[in-house]
Structures are given as structure tokens and as C-alpha cells.
Amino acid sequence: MTGAPTSGTPSKRGPRERMVYSAAQLIRRDGVGATGMRDVAVHANAPRGSLQHYFPGGKEQLVNEAVGWAGRYAARQVERFLAALRSGGERPRPSELFAAMVGQWTTEFETVGFASGCPVAAVTVDCVDASESARTAAAEAFGVWIRPTAAALRELGIPEERTTPLATLMISALEGALLMARAEQDIRALATVSTELGPLLDGAVSPGV
């Protein structure tokens, strides 16, 4: 999943939004099992009594909403990356979009270390066998991320029938590289997927585009 802000909590948001955000940040750092409801309230600077009020379904509801937030954040980032590439004047290439997606994580790892990964991946690993709602939430989050990525590839000149498969490939490669980078404490895997997939993505552009 595309990286998310790692410090503080969103300003000018209510306690419910702050707790969802904080849950995503703690899950991507510590995993689901080690993230307690009280930890979330403290991180979000929210009253502990508000947890039951906003999340009557308990931790499962909060985790699922955090996963949904992460998927929407990743989708917005794809749109931002594409807009930034378009502003450069020349028609951007699909490889540049993927490089931007990878580059955000490279920057985070080089700046603050390898402590945090993708919250959706963390939920998938920790909960998918124990909770059907968590599995559904994770699958939906990946879908929310894939759809704008496929739309961006279509805008960049790739035939529509190939956009969703290639978007799935991009996100799968990025998620795998994130796991390897955290295990190795090195950005090597991220650099590799960006370098190796770039020519494949650019080669999928329709001739004459």
C-alpha cells in the first residue's frame, strides 16, 4: 500500500477520523495483534470513552475502517502522482507512474527507517484466517487501489483490456517489495521492481500514442 504520513494525526478532524487514521498508522507499524484500542485513543489524542461510542463493533470495526482508509489514501495518491506527471508538459509514461508509487516508499524508508509497512498487508497476514470481515475489507481496499491505477494506465495509453491486469501486477510487485525491504532493511527490492517493470509497462502502450 502506498505509504501514509507517519507523524502526528490529521489536523482539523474529529476524534472518530483521528482514531481511524491512528489505527492505520499503528497497525502498519505494530500489526493488528499488538495494536490495542487504548493505544489508538492515545495516539489520536481522543477520549478513551469515545471508542465504544464511535466503534460499537469494537476493534474489528476499527481495524476494518482503518483498512478502508488506507485503500482510499492509496487511491488518492495514484491520482496525485498522475496529476504531477501531467503537469510536467510532456506525456508521461506508465513507468514514471510506477516509479512515483515506489518512490514514496523509498523516501519513507530512507528518511524514517523500515519500522512501518502497509496496513492492508498487515491486516491480511494477521486476520484473514480469523475474520471474514477483515478479509473482505482487505480485498476491497486492494480493489479501491487497483481501479484508479488501471484508470491512470488507460490515460497513459495502455489498452483498456490490459489496464487492470497490469495495475494488479504493479501493486502486487510493490507489496512484495515492501515486505522484502522491511526484512532486509534495504531498498534493493523496491529499486528492482521499479527498474524491471518499467520497460514492461511502457511497452504496453498502444503504438502511436
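Buried means under 20% relative accessible area, exposed over 50% and partly exposed in between, with a 1.4 Å probe and protein chains only.

**Entry 1: ground rules**

I am working on a predicted model, where local features need pLDDT of at least 70, side-chain atom pairs count only at pLDDT 80 or more, and totals for chains, interfaces and linings use all residues. Residues are numbered from 1 along each chain as its sequence is written, and side-chain values use heavy atoms, with hydrogens and water left out.

**Entry 2: two serines**

I looked up S116 and found it in the loop between α5 (94-112) and α6 (119-127). Helices here are DSSP runs of H or I with at least four residues, strands are runs of E with at least two, and both are numbered from the N terminus. Is S116 buried or exposed? S116 is buried, because its relative accessible area is 11%. Contact means heavy atoms within 4.5 Å. Not counting residues up to four places away in sequence, S116 touches R28, R29, W105, E108, F109 and R182.

S95 sits in helix α5. I noted S95 as buried too, because its relative accessibility is 13%. Leaving aside neighbours within four places in sequence, S95 is in contact with G198, L201 and D202.

**Entry 3: the nonpolar core**

Next I looked at the core, defined as a set of buried Ala, Val, Leu, Ile, Met, Phe, Trp, Tyr and Cys residues joined through side-chain atoms within 4.5 Å. The largest one has 65 residues, and L97, F98, M101, V123, L174 and L190 touch the most other members. The elements giving two or more residues to this core are α1 (15-30), α2 (37-44), α4 (58-86), α5, α6, α7 (132-155), α8 (160-184) and α9 (188-203). Helix α4 provides the largest share, 11 residues.

Which residues of α2 are buried? I found V40, A41 and A44. Seen down the axis of α2, the buried residues fall within an arc of 100°, so they line one face of the helix. That arc is taken from the directions from the helix axis to the C-beta atoms. An α-helix has 3.6 residues a turn, so residues three or four places apart point the same way. The face of α2 turned away from the buried side carries the exposed residues R38 and V42. The buried residues of α2 pack against α1, α3 (50-54) and α4. Just after α2, N45 takes a positive phi of about 55°.

In α6, I listed P119, V120, A121, A122, V123 and C127 as the buried residues. They pack against α1, α4, α7 and α8.

**Entry 4: aromatic pairs**

Rings of Phe, Tyr and Trp (its six-membered ring) pair if their centres lie within 6.5 Å; planes under 30 degrees apart count as stacked, over 60 as edge-to-face and the rest as tilted. How many aromatic pairs does the structure hold? I count four.

W69 and Y73 form a stacked pair, 5.3 Å centre to centre with 20° between the planes. Both lie in helix α4, four residues apart, about one turn of the helix. W69 counts as buried because its relative accessibility is 10%, and Y73 is buried with a relative accessible area of 10%. W105 and F109 form a tilted pair, 5.5 Å centre to centre with 50° between the planes. These two lie in helix α5, four residues apart, about one turn of the helix. W105 is buried, and so is F109. I also noted that Y21, W69 and Y73 form one aromatic cluster.

On a 1 Å grid over the protein atoms alone, a cavity is a set of points where a 1.4 Å probe fits but cannot get out, and a pocket is an open set with protein on both sides within 12 Å along at least five of seven lines; lining residues have an atom within 4 Å of a point. Points are joined across faces, edges and corners, and a volume is the space filled by probe spheres set on them.

I found one cavity of 30 Å³ or more. The largest cavity has a volume of about 30 Å³. Its lining consists of A23, I27, T35, G36, M37, V40, K59, L62 and V63. Helices α1, α2 and α4 give two or more residues each to that lining, and α4 gives the most, with three residues.

The largest pocket has a volume of about 170 Å³. Of the 15 residues lining that pocket, C118, A121, A122, L179 and R182 are the closest to its centre. Helices α1, α6 and α8 each supply at least two residues of the pocket lining.
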